[in-house]
Amino acid sequence: MTMDSAHGDDVPHFAAPVIQDNPTGWGPCELPDQFKDMPYQPFSKGDRLGKISDWTGAAFQDKKYANKYASAFGSGSQYAYYHDEDESTFHLVDTTRVQKPPYQRGRFRSNQRNMRGRGGRGNSSQGGMQALGKGLKTRDRDRKGAVKKWGQGRPQIKIRDASVTVRPEWVTIEEMDFPRLAKLSLPGVKEGEDILCCGELEYYDKSYDRVNVKSEKPLQRIDRIFHTVTTTDDPIIRKLSKTEGNVYATDAILATIMCCTRSNYSWDIVIEKIGDKLFLDKRDNTEFDLLTVNETSVEPPQDDGNSLNSPRNLALEATFINHNFSQQVLRTGTAEPRYKFDNPNPFISEDEEGEVASVAYRYRKWDLNAGVVLIVRCEHDAVVQSPSGELQYLSIKALNEWDSKLANGVEWRQKLDTQRGAVLANELRNNACKLAKWTVQALLAGSDQIKFGYVSRAHVRDSSKHVILGTQQYKPNEFATQINLNMDNAWGILRCIVDIVMKQKDGKYLIMKDPNKPMIRLYDIPDNTFESDGDSESADEATTDANTFQPLYPYASSKRP
């Protein structure tokens, strides 16, 4: 009763909602006020929410997930940005025709056709996504491994330094360019005569002829002493200069002059004229005896000095390999026979510690006509017994592989056993000067065979461990013909330089290969040049040079019995 009286005044009521009738379908007919002028995107609960904004466009889009974040209702365009102002109607047209360089005309069209057939037409962006920017296009092309056109991206060849700094007081006597030198010829030079032979040689181990890529042998470190004595420091040449000849040199100095037209790097030789005699010398503590690597390549090594593949470090590595290979392939030991010449090695001193390398010196004489008689100290590395039983003198040299990709070469481990000619042809192209000098030295010494060893790094990034992959031998005369080495031209170059210096007054002269031009220059230099600073620094530099190879190439030491 109380409740009834309390609520008696309230009349129950029901407020019916406004129902919009949609006779043609279902859903609302009019848009509520709170949602008016708001853009609408069809959305399905099965859609994946992706990135808020994607500035990369199609540059890094994987085809597998191309529609991963696409809507089930199709891509809506109401959120796309359009900039329809002056830029849409204004076009700057360049009517000038770009002239392509000769090496790009008509090339790579077949490659472009193939690319067009594989990857769709024109690399059009999918799903209406934005076009790539210039930087993104470059990254995308690099990612897909686009072919690099010839001549593009090639590093510029650095300006090389001269082997010696030319001083203001030096007088230029003659400039001889290589095209003129290449036309010189001195035919009819007879075989050299032996004046004196000294030293002793070990026999070559023929088991190394059977080494191949599948049965490679590690290169050992052989602790032996190599003498590289210049002409005027040779006691035998000093003695011979009183009775024999009037031009004196070593085979290495002579080969450098004879093969100068193939050289690219700078080098220098000192000539001393005393009366009617010429002494050809190398300067003390120089890199004259280091072997160059890829000197004549289209892209010679240009890394910085501290790099593993800098020209100097590669030269040190090649020289070290050459020394060790030439001694490892010999039959050593107290029980093994040795071939001894009549005279002992002239450079072994009593206070010298360590074993001397197997080497024999032949002092030989050539008559170059017009009163020019040449005396040269030549070298042999070993002897071998031929199948007929006669002894043959050998010159043993090592070719080394450092990084076939950087050197634009062929991989020895793949080609050496099956296509040795291709490997040698590549070496002839990249190391034409070094191979020519070795051949000249073998011809001057009268070696019966020149034996090449193929030595490669065990790992590309490690220059301290090497393996022997094979050997090959040639007769020097046949190899000279194969590499197009003309000894008449070589003798002509030497005779030309001798004649020019012979006409000068007594004194000191310097021949230097220009570091960046194909020419050599002859300078008249003061008599005391290279002597004042040489005396004070000789002790320090000798210590440095003696240990040059030690820290760079810590081979497993192999002491010979």
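1. Helix α12 is largely enclosed by the rest of the structure, because 12 of its 16 residues are buried (under 20% relative accessible area, with exposed meaning over 50% and partly exposed in between, using a 1.4 Å probe and protein chains only). Among the buried ones are M487, W491, I493, L494, R495 and V501. The length works out too: α12 covers residues 487-502, and its end C-alpha atoms are 22 Å apart, which agrees with the 22 Å that 16 residues should span at 1.5 Å a residue (the expected span is 1.5 Å times one less than the number of residues).

2. A word on the basis: this is a predicted model, where local features need pLDDT of at least 70 and side-chain atom pairs count only at pLDDT 80 or more, while totals for chains, interfaces and linings use all residues. Residues are numbered from 1 along each chain as its sequence is written, and side-chain values use heavy atoms, with hydrogens and water left out.

3. For the overall picture, the protein chain has 14 helices and 20 strands (DSSP runs numbered from the N terminus: H or I of at least four residues for helices, E of at least two for strands). Of its 561 residues, 40% count as buried. Among contacts (heavy atoms within 4.5 Å) between residues at least 6 apart in sequence, 76% join residues at least 24 apart.

4. Helix α7 (residues 311-328) is mostly covered as well, with 15 of its 18 residues buried. From first C-alpha to last, α7 reaches 25 Å, close to the 26 Å expected at 1.5 Å a residue.

5. Now the α6/α10 pair. The axes of α6 (residues 251-258) and α10 (residues 432-445) come within 9 Å and cross at roughly 125° (lines fitted to C-alpha atoms over the stretch in contact, with angles from 0 to 180 degrees between N-to-C directions). On the α6 side, D251, A252, L254, A255, T256 and M258 take part, meeting K437, V440, Q441 and L444 of α10. The residues of this contact divide into six nonpolar, two polar and two charged.

6. Two asparagines deserve a look. Most residues other than glycine have a negative phi. N285, in the loop between β8 (277-281) and α7, has a positive phi of about 55°. N369 sits in the loop between β12 (359-367) and β13 (373-380), with phi near 70°. N285 counts as partly exposed at 36% relative accessibility, and N369 counts as partly exposed at 41%.

Definitions and conventions. Nonpolar A, V, L, I, M, F, W, Y, C, P; charged D, E, K, R; others polar.
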